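Subject: Structure handover

Hello,

Here is the structure I said I would pass on. Please open it alongside this email.

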Amino acid sequence: MEERSKAIQDRIREKARELLLNKTVDLIIGFGEGSFPLRTTPRFIRDPEKTDRLIWNSFCENNLATYLHKFNKFKVGIVVKGCDARSVIALSLEKRFKPDQLFLMGVPCQRMVDRRKVKRAVKGEILRAFEQGDQIVVEGEEFKTILKRDDFFYPSCQVCIHRNPIQADVLVGDPVEESPLIEIHPEIQEFAKKSAEERWKYFEKESSRCIRCYACREACPMCYCAECFVDSSNPKWIEKSLSPSDLEFYHIVRAYHQTGRCTGCGACERACPMEIRLTYLTQKLNRDVKELFNYETGIDTKTLPPLSTYDMEDKQDFIK
Amino acid sequence: MKNPYFPIPMKVKQAYVETVDRMLRTIELSFLNEEDERAFHFTPGQFCELSILGKGEASFGIASSPTENNSLKFTINKAGVVTTALHHIEEGTEVGVRGPLGNGYPIPLFEGKNVLVIGGGFAFTTLRSLITYFLHPQNRSKVNEITVIYGARMPGLLLYKAELLEWEKRSDIKLVVTVDWGDKDWKGKVGLVPNVLEEVAPSSENSYAVICGPPIMIKFTFPKLMALRFPNERIYTSLEKRMKCGIGKCGRCNIGHLYVCKDGPVFSYAELEKLPKDY
Amino acid sequence: MTLKLDKKDLKAFLETLMDEYDLFAPVQLAEGVSIYKKIDRPDDVDLSTSNPQKPAKEVFFPQSETMFRYEKAGKQQQMTSTEGVEKKRVILGARPCDIQAVSILDDVFLGKEYKDVYYGNKRNGTTLIGLACNHPLSTCFCPSAGGGPFLRKGSDIFLIDLGETFIVELLTEKGMTFQKNKFFKEANTKEISLAQEIEEKASKKADASVPIEGIDRRSDLMMESPFWDRMHEKCIGCGVCTFLCPTCHCFDIVDEALTNKGQRVRNWDSCLFPLYSQETSGHNPRPTGRERTRQRLMHKFNYFPKNFGRVACVGCGRCILYCPVNFDIRQAINLTSAKGIRKVKDQVDLTRR
């Protein structure tokens, strides 16, 4: 695995350098070395001589498409995984960029590793971590543990069926073999089996940890409203305290606002400092959209999300 | 411990719209409790937080002078939720008030000096307080000449029109009112504040200037004050920023290490020069 | 005399505490996620977790707190303050970083000029039972910020975890009132020397090399530095770092209304939110991430020292650990010193164009 990553990393650097030298783009958004083990960080490169700061490994968890709003005045070269590329397509459909503004460096994704899960698998702080074949080696003061990479994927990565970027100006790695569509995410299946009351209890418990830092919203490329409904003071839709009803309201409305727009990248859940499970909600909605409208976000570059359009043939079973 | 976040109750004694666009309304508040009134001492340039319970709080410069007893006057620009509610409030309704807050104009510095007051648009409120204070018989002798230049976009947008007429009649204050565009009834000056200042050309000798108005007016008036040789230390202004607590705790209104609510809102340009351009 | 408390007695000890005080201690909400909470059952207390996500500041300065309730009838209105506190409080298990941060908040809320009664009423009479930090993380830098994993200052009682038992040090007058507590026994020399050993080891581990010393002066001329053009780029503008910071104390005041009654509430706010400084006119003095990131860092390392004589950072490392994009405050601090710049030049691209 680390050889494949290394090859991708080399190609990212090479391509980034070329794009900057030819002035095809103003800047490159990619991943750089993080400041502690199992962590990478978004990097913004303008100098063609500094593209060797870009890296690639199984810890490139951020969805960089969220930065495209911030840099919407620039020509941007951006490193995208399968899910990130879908976000870019979805944003393009919402006319967030000019057609030639972006250069997508697509990475066929090896699935990203859940660093919190890795941390929990060992006792003591991890001071060094690296990939070796299909393993992750983690070392601390008094331990060295070898873990199987496949056991530590993020929940959203576990069920991903679009790891190859659907749209990219260049692919910087060999395509991976896509997994077949898992009829239903095991987690959602588990969740769906529960009674309505149990489901609500679970949601209540998760949302009760919310501290309203809005990291989920800010990490999400699709959350770009100039004024979020939670921030509007006139009309005021929601109070700003920590009452359960307000927390639940926030998460439900945000999830619904993503219906048919969410690519299931899981950036929201990874950003949450309180580790609130959010993807089972979004995955369920994504599944519903697939079943009801046969639509998957960010796959088709022409068709608008089902909730943004109207069609006489639209399913209306929900109107009772 | 006194609770600095807990408003005192006051009552709307009188309320009236000031301008033809109906965006500026003055409300006069009277104290409900005698001890609140006794404890309330302020300087022109200070402000209060007014509460419309259920809508929230917003800060307003005190437009009345300490010499005008038993009530406080505020002129409110309709902009957000609280100000809109204050535009609709009826006479006799209770309002929560916190204050006085902030530092106010440096009255002792002005003593024995000439005072030049330059105001533009609706920022004239605390300047009215200052002028009224100095025009009071007890205080008039504290300063020498008082020159006031006050501009608005149109005659109908001038504040405190009745008082302007009174001041015009007085010999102990030089008042120049100007508008950007006159109308058929307007007999006064037409012209922008910076140009009028150049024309009036008050001496900077032994003088202090106080200037409040929209940023664009300040931007163009300031160089004219420099040309008249007013030093930065003798030009004062009052800043506006988004505020919540009014007592330097909640953050947000700081410029560098100073809080506009607690260390301001009145600053000299000499002080502002030392602060980051973060406003 | 050094005392000890056996862990098997902890529950009973907490029960006696709870008779007299409102007890606040770390509680696990989910695996690896904990906060300080008011304890209803001693079993909920979890002193084995690492430093809770949300800092102990919440005991005195809750994320959301009612300031007063009101009722309206016609043109009249009635307001009732909720500043009162029922019982004295005990915070159990706060790490030295959080306790140092409390003294910083004391400066803000109880310092010169206006006193904040909501904070003060909760703070006054509170007994702080600190817990030594046996295992500082690589993201911790408390010694650089004037603290340390075993800093006792600020604690009334200080606990050191030896595995089966806690060493108990009574440090203040308030702490001494617990001297006769029946669960505190005399520690033997073996236990005392074990505690010293742990202290030595922990103190060596925490990072003392982050150049905070003198940063207030160094940052004086940095307002317009190209530094800010680049530093903020990866920041997505969420509130993780500020909400989880034990010293951040900005808040918003809002009214929550039903038809004729309601309450005034204060909620934590963050200088990284655009709305924080946006004025009603639409003008925002801090319009982009550049100004907002600058505000966060300058407040901690320049403005706060000007007003209170010390930086508003205790080196707890929460902002580093929980940032969704790995914005590392240590890199920002490093970039203010000539020596530090060399250290991080590779990580932060300062090219201006």
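Below is what I found, taken topic by topic.

**Confidence**

Bear in mind that this is a predicted model. The predictor gives the complex an ipTM of 0.93 and a pTM of 0.94. Chain C has a mean pLDDT of 92. In that chain, 96% of residues reach 70 or more.

**Chain C: two domains**

The contact between them takes 35 residues from domain 1 of chain C and 26 residues from domain 2 of chain C. On the domain 1 side, the elements that give two or more residues are β4 (64–73) and α2 of chain C. The largest share of that side comes from β4(C), with 10 residues. By class, the domain 1 side has 17 nonpolar, 10 polar and eight charged residues.

**What β4(C) pairs with**

The hairpin of β4(C) and β5(C) has two residues between the strands. In this hairpin, C:Gly74 takes a positive phi near 60 degrees.

**The open sheet of chain C**

Chain C also has an open sheet of eight strands. Their order is β3-β2-β6-β7-β8-β9-β1-β10, and the pairing is mixed. The edge strands are β3 (33–38) and β10 (185–186) of chain C, each of which pairs on one side only. Inside the sheet, look at β1 (residues 3–6) and β9 (residues 165–170) of chain C. These two pair in the antiparallel sense over four bridges. C:Asp6 has C:Thr165 in β9(C) as its bridge partner.

**Chain C against chain A**

How many residues of chain C are in contact with chain A? The count is 39, and they meet 36 residues of chain A. Five elements of chain C each supply at least two residues of this side: β2 (22–30), α8 (240–244), β11 (251–257), β12 (261–268) and α10 (318–322). The chain C side divides into 16 nonpolar, 13 polar and 10 charged residues.

**C:Phe251**

C:Phe251 sits in strand β11 of chain C. Is C:Phe251 buried or exposed? It counts as buried, because it has 22 C-beta neighbours inside 10 Å and the cut-off is 20 or more. C:Val265 is 14 residues from C:Phe251 in sequence. In space, the two are 10.0 Å apart, C-alpha to C-alpha.

**Chain A: domains**

The domain assignment gives chain A a domain 1 in two segments (2–114 + 153–306) and a domain 2 (115–152). The centres of these domains, taken over C-alpha atoms, are separated by 25 Å. The contact takes 12 residues from domain 1 of chain A and 14 residues from domain 2 of chain A. By class, the domain 1 side has five nonpolar, three polar and four charged residues.

**The nonpolar core**

The largest nonpolar core has 253 residues. Those with the most contacts inside it are A:Val80, B:Val210, C:Ile91 and C:Leu159. Helix α2 (residues 96–110) of chain C gives the most to this core, with seven residues. Beyond four places in sequence, A:Val80 touches a set of residues including A:Leu64, A:Val88, A:Leu104, A:Val107 and A:Ala168.

**A hairpin in chain B**

Strand β3 (residues 47–52) of chain B pairs with β4(B) in the antiparallel sense, over six bridges. B:Glu49 stands opposite B:Ser59 in β4(B). Three residues lie between the strands of this hairpin, and B:Gly54 takes a positive phi near 100 degrees. β4(B) (residues 56–61) is mostly covered, with six of its six residues buried. Both faces are covered: B:Gly56, B:Ala58 and B:Phe60 are buried on one side, and B:Glu57, B:Ser59 and B:Gly61 on the other.

Best wishes

Note on methods. Residues numbered from 1 in each chain as written. Chains lettered and ligands numbered in written order. Predicted model: local features only at pLDDT ≥ 70, side-chain atom pairs only at ≥ 80, totals over all residues. Buried ≥ 20, exposed ≤ 12 C-beta atoms within 10 Å, placed from the backbone. Pairing = 2+ DSSP bridges. Core = buried A, V, L, I, M, F, W, Y, C linked by C-beta atoms within 7 Å. Contact = placed C-beta atoms within 7 Å. pLDDT = per-residue confidence, 0-100. Nonpolar A, V, L, I, M, F, W, Y, C, P; charged D, E, K, R; others polar. Domains from an automatic or database assignment.
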